[in-house]
Amino acid sequence: MKENIFRGVIAAAVAGAAAYFQELALPVAVLFLVMVVDYISGMVRAWTRGELCSRVGIMGIVKKAAYLLAVVVAIVADWVVQTAAGQIGVDFGGFFFFGLLVTIWLVLNECISILENISQIGVPLPSFLVALIEKLKSTTENKGEELLK
């Protein structure tokens with residue numbers, strides 16, 4: 001019985017967050033997925049090189065949690081901007097620009113890390129794929145900087 005109540009509360013919380021954050025739900029889910037894949041590929045890389053260490057693994061988990069905190073900070077920045085804009089009569093329609101920008105940047109960063117991990121395992125990668133991901137990350141970073149100028 002308690003387990004069903006717990007599952008129901010979690011499902012309601014996730015559904016409520018998805019409804020509230022609309023355009024951020026999918027990018028945050030993708031971020032979570034690539035963080036898991038990066039962690040696993042990093043563990044495999046460390047294992048194949050004989051460098052597996054629980055301390056490094058725990059620091060990887062802490063780093064991933066900090067990524068999620070960065071997304072939360074960006075969402076708070078969006079909320080502050082939207083609230084201030086609403087006070088002067090400007091409506092952005094609930095668009096989470098900073099949250100989306102940070103999430104996309106982190107997804108691309110994780111993709112680069114995954115490519116580095118599998119490359120070090122010995123998987124051959126086309127150079128254009130690595131260059132494409134790095135270019136997308138750089139473009140995302142530049143767009144964010146342009147906004148603040």
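**Exercise 1.** With which residue does Lys64 form a salt bridge whose closest N and O atoms are 2.7 Å apart?

*Solution.* The model is predicted: local features need pLDDT of at least 70, side-chain atom pairs count only at pLDDT 80 or more, and totals for chains, interfaces and linings use all residues. Residues are numbered from 1 along each chain as its sequence is written, and side-chain values use heavy atoms, with hydrogens and water left out.

Step 1. A salt bridge is a side-chain nitrogen of Lys or Arg within 4 Å of a carboxyl oxygen of Asp or Glu.

Step 2. The partner of Lys64 at 2.7 Å is Glu110.

Step 3. Lys64 lies in helix α3 and Glu110 in helix α4, so this pair ties together parts that are 46 residues apart in sequence. Helices are DSSP runs (H or I, at least four residues), numbered from the N terminus.

**Exercise 2.** Find how many salt bridges the structure holds, and describe the other one.

*Solution.* Step 1. The structure holds two salt bridges.

Step 1. Lys64 also forms a salt bridge with Asp38, where the closest N and O atoms are 2.5 Å apart.

Step 2. Asp38 lies in helix α2 and Lys64 in helix α3, so parts that are 26 residues apart in sequence are tied together.

**Exercise 3.** Are Lys64, Asp38 and Glu110 buried or exposed?

*Solution.* Step 1. Buried means under 20% relative accessible area, exposed over 50%, and partly exposed in between (1.4 Å probe, protein chains only).

Step 1. Lys64 has 10%, Asp38 has 7% and Glu110 has 1%.

Step 2. Lys64 is buried, as are Asp38 and Glu110.

Key. Helix = DSSP H or I, 4+ residues; strand = E, 2+ residues; numbered from the N terminus.
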